[in-house]
Amino acid sequence: MAQTGSVNNLVSIGSSSSRENLNVALYNTEGVLIDTSVINDWEGISLEGLAAGTYHVQVYGDEGAIIPFYSLSITAPWDMSPDRFEPNDSIETATDLGLLSQGNSWDNLSIHPGDSDWFKFDISQTGRDYNSVSISSFYSGENLNIALYDGEGVLIGTSVINDWRGISLEGLEAGTYHVQVYGDEGVIRPLYSLYINPPINITPDEFEPNDSIETATDLGLLSEWNSWRGLSIHAGDSDWFKFEIPQTASPIHYVSVNSWYFNEHLSFALYNADGVLINSSISSDLDGISLGGLAAGTYHVQVYGNDDAISPEYNLYIMAPFTVISSDESEPNDSIQNSNNSITQPFPNQWFGSDGDDVIMGSDSDETLLGFEGDDYLDGQQGNNTLFGGQGNDTLVGGSGRDALLGNKDDDILFGGSSGDTLYGGQGHDTLVAGEGNSLLFGDKGNDILYGGSEGIDTLNGGEGNDTFVMLPGEGYTVVADWEMNQDVMVLLGNATNYRIGDLPLGFTNATAIYQIGETDKIVGIIEGVTSLNLEDSSIFRFVEGVGSLA
């Protein structure tokens, strides 16, 4: 044997023929008897405590007994070699994992007899309730422990292997910490994994510093749809923006903020030019703050976190009134059919945009609308249409027919229509919202947000990246077809007590069905490829307040 035997190591014999008795005996390398056992004794002869070296096994029958066939089983200690981080057996020689952000894991680590693995890491933000350190292993039978120490070597907390809660980092300040992994009384682990989910390292966004109304980022005179993506809120941060609208706004005009970072919702507020509060909302409300009835002029938006909430990435959306302009020399050109601007018609029922920001509206025919470059707005209207955004941050809206919406590059927003459309985000961090009918949503690359279930049986495929699936209660339900554990997030309205895990509908296997509890429980979603999910697991499920008219 290569290592000292443990409680799991033994020698035994077995046979389905039980008419005659067989014995097994274990001897050391000098031929000295260690112990004996009999056939079909599952405890066999233990190797626990026996040093590495050579041993002999004898199998024999009582008084000439015979067995036509038997099996010899030897469960020996693992032939363990030090893992890639050795030597790291003390706090002074701890493996330095560096400054960590978001989820991290290190696999194929090992603990041999007398071993103790030490690791050192840094965090840049104060820990939150979902930040933790833990260890796991598929090798059963022997216990491993984990301990967390601060930068001075003072013990903070301990845990054991396969406790998914691990040791919480909540409340721990930015700085250096140490982790020790060790076994009780010389136990070993040929394979284990270390997981550290630290606070995310949030860097100031491109508009900083804009932490007050006096230093608000000036977004200028706005018209139509506008979006700013990849913004961030760190602890104690507050982002201010200033913008103008060219004419009195209608009920369709609004300001909204989108962020789905764990259960940390951002708040935002709208002020007039004098800094007087108009209204406020939270990032999970898709209706946002209406601009309806507000006169032309200057306004301010403040985005901030309640109770020090943070967000490594949020989006700001402003739907403003159109800029009022006088008739140009190209009039009349009030429809796509008689336009003479940069929108062209190279083929029948095909309309091409330019390298600028285009607005292309379909008609009652089956058409193809291509935005190409720029931040375009494409609306299918009636007919069975194909909408292609191209480069830029585009907004695509399906119409009353069966439409195909393709965002292509950059960060796009796709709204399904009324007849079960196919939405394909493409590259970038896209937002896809299913409409009426049974829709198909494909996020593809990037960290996408997909909404389904409110009006039909919608199938959601996130694709690559860390995707967010929002199950909206309504007339239908959502089918998540490519759920990735430890990567994707599921969002439900309300809280965990409003839902339960239930039976799968006909036609589904190897999946989890989620029901909304009510007078009559109603299915809201199916997650394919996974079973035994726990609604209380905050690494999988996020619960938010209502999402306005989409609820």
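Predicted model: local features only at pLDDT ≥ 70, side-chain atom pairs only at ≥ 80, totals over all residues.

Colleague: Where does leucine 72 sit, then?

Modeller: Leucine 72 is in strand β6, residues 71-75. Its relative accessibility is 45%, so leucine 72 counts as partly exposed.

Colleague: OK, switching to rings. How many aromatic pairs are there?

Modeller: The count comes to 12 aromatic pairs. Take phenylalanine 207 and phenylalanine 241: the ring centres are 5.9 Å apart and the planes sit at 85 degrees, so that pair is edge-to-face.

Colleague: And which parts of the chain does the pair link?

Modeller: Distant ones, 34 residues apart: phenylalanine 207 is in the loop between β15 (189-197) and β16 (217-221), and phenylalanine 241 is in strand β18 (residues 238-245). Phenylalanine 241 is buried, at 1% relative accessibility. Elsewhere, Trp225, Tyr254 and Tyr317 form one aromatic cluster.

Colleague: What lies over the face of tyrosine 515?

Modeller: Arginine 500, at 4.6 Å from the ring centre.

Colleague: Now the inside. Why is strand β10 described as largely enclosed?

Modeller: Because five of the five residues of β10 (residues 132-136) are buried. Ser132, Ser134 and Ser136 point one way, while Val133 and Ile135 point the other way.

Colleague: Which strands does β10 pair with?

Modeller: β13 (residues 167-168) pairs with β10 in the antiparallel sense over two bridges, with valine 133 opposite isoleucine 167. β15 also runs antiparallel to β10, joined by five bridges, and there tyrosine 195 is the bridge partner of serine 134.

Notes
Residues numbered from 1 in each chain as written. Heavy atoms only, no water. Helix = DSSP H or I, 4+ residues; strand = E, 2+ residues; numbered from the N terminus. Buried < 20%, exposed > 50% of the residue type's maximum accessible area, 1.4 Å probe, protein only. Phe/Tyr/Trp six-rings, centres within 6.5 Å; stacked < 30°, edge-to-face > 60°. Lys NZ or Arg CZ within 6 Å of the ring centre and 35° of its normal. Pairing = 2+ DSSP bridges.
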